[in-house]
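Here is a set of questions and answers on helix packing, the chain interface and some backbone details. The structure comes first.

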2 protein chains.
Amino acid sequence: VSDGDVGGFDGGDRDFSPAEHAELALLLEVAGTPKPGNVDREHDLGDLRFEHFLAGSVGSRRGLQLAEEDAPVGEAFERAIAGMRQQCGGNTQFGCLLLLVPLVTAVSTVEGDLTAEAVTEVVESTTVADAANFYRAFEHVDVAVGDPPADAGELDVRRGAGAIPTLEEREMTLLDVMELSAERDGNAREWTGGFRRTFDAAESILADDGPVLDRAARAFLDLLAEEPDTLVATQHGTEVAAEVSRLADEARGDPTEVAKLSDALVAEGVNPGTTADITAAALFVALERGVPV
Amino acid sequence: VSDGDVGGFDGGDRDFSPAEHAELALLLEVAGTPKPGNVDREHDLGDLRFEHFLAGSVGSRRGLQLAEEDAPVGEAFERAIAGMRQQCGGNTQFGCLLLLVPLVTAVSTVEGDLTAEAVTEVVESTTVADAANFYRAFEHVDVAVGDPPADAGELDVRRGAGAIPTLEEREMTLLDVMELSAERDGNAREWTGGFRRTFDAAESILADDGPVLDRAARAFLDLLAEEPDTLVATQHGTEVAAEVSRLADEARGDPTEVAKLSDALVAEGVNPGTTADITAAALFVALERGVPV
């Protein structure tokens, strides 16, 4: 039933809004396979299954829509997380949404193209209220986080809304909060560093060829090979994270080796989730820039 | 990262709107595997790939949202098809949406529970304008249809909007149009027969256990075993359609046999697409009735 010619649709000129592209990015990210150690089209991880990511994507759209309508970043994010969490699998896309919300906001509110400068303008405009809503979002989910720095006890995200008085007292914006954890969290580092890896990976996806799900899987593996995954570092230590990146570098380009790595990571419970988050953000930028689907 | 206890979420009490449930039904339908002869989590069909169904699901949401807001059925359907078609794969979910739009409308506009009576009330309220928008929707896609009855030349769906003067002259509603093809099209038969198979399959999905994607695959196979697929009949003849149902009946319950059937149907280019459409509609009803995800 293929009819590529009807309407002359060539795949790149989608009439999709930023919120639609962001939801599609979530779906393409989870479907892309193989993404060693993550849920993908061919892998579930125990009770965390593919359908939880499908429902999480659908539920996230409310918050993404708010971002498109120029709601404050924190409000849109908290709403996206509440919607994402309407399924039994748990935290499926917290990190993805932390990157996607400011990117959607940038498309909708900043004049000109979606660039590092545009999204930097968005994150630099965040407020204490955005920070408060970010902490509120933690009350919807259990997110794997490392031990905070000794001086951040009052701002441990596990305090949820309990941290808000401290945020207000110290006048911390959401960007300030991200700066607190930029050293140990790859998503926070995107916020503080102009979304460098997101935009670089988006350009790789655009320059690649073949079906978009294959491009997504290759982008994931390249990102993993290039820098240790910070979720793996949080859960298993920096040495394991470095070793996973070394193995990814060796395996990339060889489907048999990638499949072996995938089996090994699943068996060890090693989940390079931050790399998947950045892959989703990169897919969003690539979709906005016209990658065909 | 599973946290099934956070917020006490048990999977059935989703805070999802009818349009969100309908989009999720489209996604669960395409992900459910094995669904012999159809695109699913493990199968593409040549150039018609999984990602086309993901994009089709996201794009459909605009029309489903209109249905939720009580727009006329034909307008919501035409909008859903236009959105679905923003990808290169071609017609991915035309039949699914023909069933989902009146079901969403029924949830939103008819008092009480979603029942056969409620959706029958919706389809019986359709107008000539709804019929006209149904014909307009064919201009967005190539849909596999059989030769129309000899007396329906002026109303051949392949005429697209060109059929509208005839519709108006004969004062035909969208339900009248469905009655024209109920004999040879299983989706039209749902419209004219109180969505009997949709509601029966929804109850089977609810009574089943295990992950929802496994339930979806079993529901598909049961539907295929019970009645010949009308898309297969249109494309390959009624004898082939009957044989496919006989094979599905023999294979169900035996994963090895189901996998063999799947390979055979893909090799022969046999696509039981109408059965997939009814599976999507049944998933929607099951989601509305609280099936856990």
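Q: At roughly what angle do the axes of helix H11 (residues 212-226) and helix H13 (residues 238-251) of chain B cross?
A: This is a predicted model. In it, the axes of H11(B) and H13(B) come within 7 Å. Their crossing angle is roughly 130°.

Q: Are H11(B) and H13(B) oblique or roughly antiparallel to each other?
A: The axes cross at roughly 130°, and only angles over 145 degrees count as roughly antiparallel. H11(B) passes H13(B) in a left-handed crossing. By their angle, H11(B) and H13(B) are therefore oblique.

Q: Which residues of H13(B) meet H11(B), and how many residues of each class are in the contact?
A: H11(B) contributes B:Leu221, B:Leu224 and B:Ala225, and these meet B:Val244, B:Ser245, B:Ala248 and B:Asp249 in H13(B). By class, the contact of H11(B) with H13(B) has five nonpolar, one polar and one charged residues.

Q: How are H1(B) and H2(B) oriented to each other?
A: The axes of H1(B) and H2(B) come within 8 Å and cross at roughly 160°. The crossing is right-handed. Angles over 145 degrees count as roughly antiparallel. H1(B) and H2(B) are therefore roughly antiparallel.

Q: How many nonpolar, polar and charged residues are in the contact of H1(B) with H2(B)?
A: On the H1(B) side, the contact includes B:Pro18, B:Leu26, B:Leu27 and B:Val30. On the H2(B) side, B:Phe50, B:Phe53, B:Leu54 and B:Arg61 are among the residues. The contact of H1(B) with H2(B) divides into twelve nonpolar, three polar and four charged residues.

Q: Are helix H3 (residues 73-84) and helix H4 (residues 94-109) of chain A oblique or roughly antiparallel?
A: The axes of H3(A) and H4(A) come within 10 Å and cross at roughly 140°. That angle makes H3(A) and H4(A) oblique.

Q: What is the handedness of the crossing of H3(A) and H4(A), and how many charged residues does the contact have?
A: H3(A) passes H4(A) in a right-handed crossing. The contact is made by A:Val73, A:Ala76, A:Phe77, A:Ala80, A:Ile81 and A:Met84 of H3(A) and A:Phe94, A:Leu97, A:Leu98, A:Val101 and A:Thr105 of H4(A). By class, the residues of the contact of H3(A) with H4(A) are ten nonpolar, one polar and no charged.

Q: How much area do chain B and chain A bury between them, and what percentage of it is on carbon and sulfur atoms?
A: The contact takes 52 residues from chain B and 51 residues from chain A. Between them the two chains bury about 4,300 Å², and the part on carbon and sulfur atoms is 58%.

Q: How many salt bridges are there between chain B and chain A?
A: Over all chains, the structure holds 42 salt bridges. One salt bridge pairs B:Arg62 with A:Glu20, with the closest N and O atoms 2.7 Å apart. The count between chain B and chain A is eight.

Q: Why does the salt bridge of A:Arg41 with B:Asp44 join two chains?
A: The closest N and O atoms of A:Arg41 and B:Asp44 are 3.0 Å apart. A:Arg41 lies in the loop between H1 (18-31) and H2 (50-68) of chain A, and B:Asp44 lies in the loop between H1 (18-31) and H2 (50-68) of chain B, so the pair joins two chains.

Q: What is the phi of A:Glu171?
A: A:Glu171 sits in the loop between helix H7 (164-169) and helix H8 (174-181) of chain A. Although A:Glu171 is not a glycine, its phi is positive, about 50°.

Key
Residues are numbered from 1 along each chain as its sequence is written. Chains are lettered from A and ligands numbered from 1 in the order in which they are written. This is a predicted model: local features need pLDDT of at least 70, side-chain atom pairs count only at pLDDT 80 or more; totals for chains, interfaces and linings use all residues. Side-chain values use heavy atoms; hydrogens and water are left out. Axes are lines fitted to C-alpha atoms, for helices over the stretch in contact, and angles run from 0 to 180 degrees between N-to-C directions. Helices (H or I, at least four residues) and strands (E, at least two) are DSSP runs, numbered from the N terminus. Angles under 35 degrees count as roughly parallel, over 145 as roughly antiparallel, 65 to 115 as roughly perpendicular and the rest as oblique. A crossing is left-handed if the near helix is turned anticlockwise from the far one by less than a right angle, and right-handed if clockwise. Contact means heavy atoms within 4.5 Å. Ala, Val, Leu, Ile, Met, Phe, Trp, Tyr, Cys and Pro count as nonpolar, Asp, Glu, Lys and Arg as charged, and the others, Gly among them, as polar. Buried area is the accessible area (1.4 Å probe) that two parts lose on being put together, summed over both. A salt bridge is a side-chain nitrogen of Lys or Arg within 4 Å of a carboxyl oxygen of Asp or Glu.
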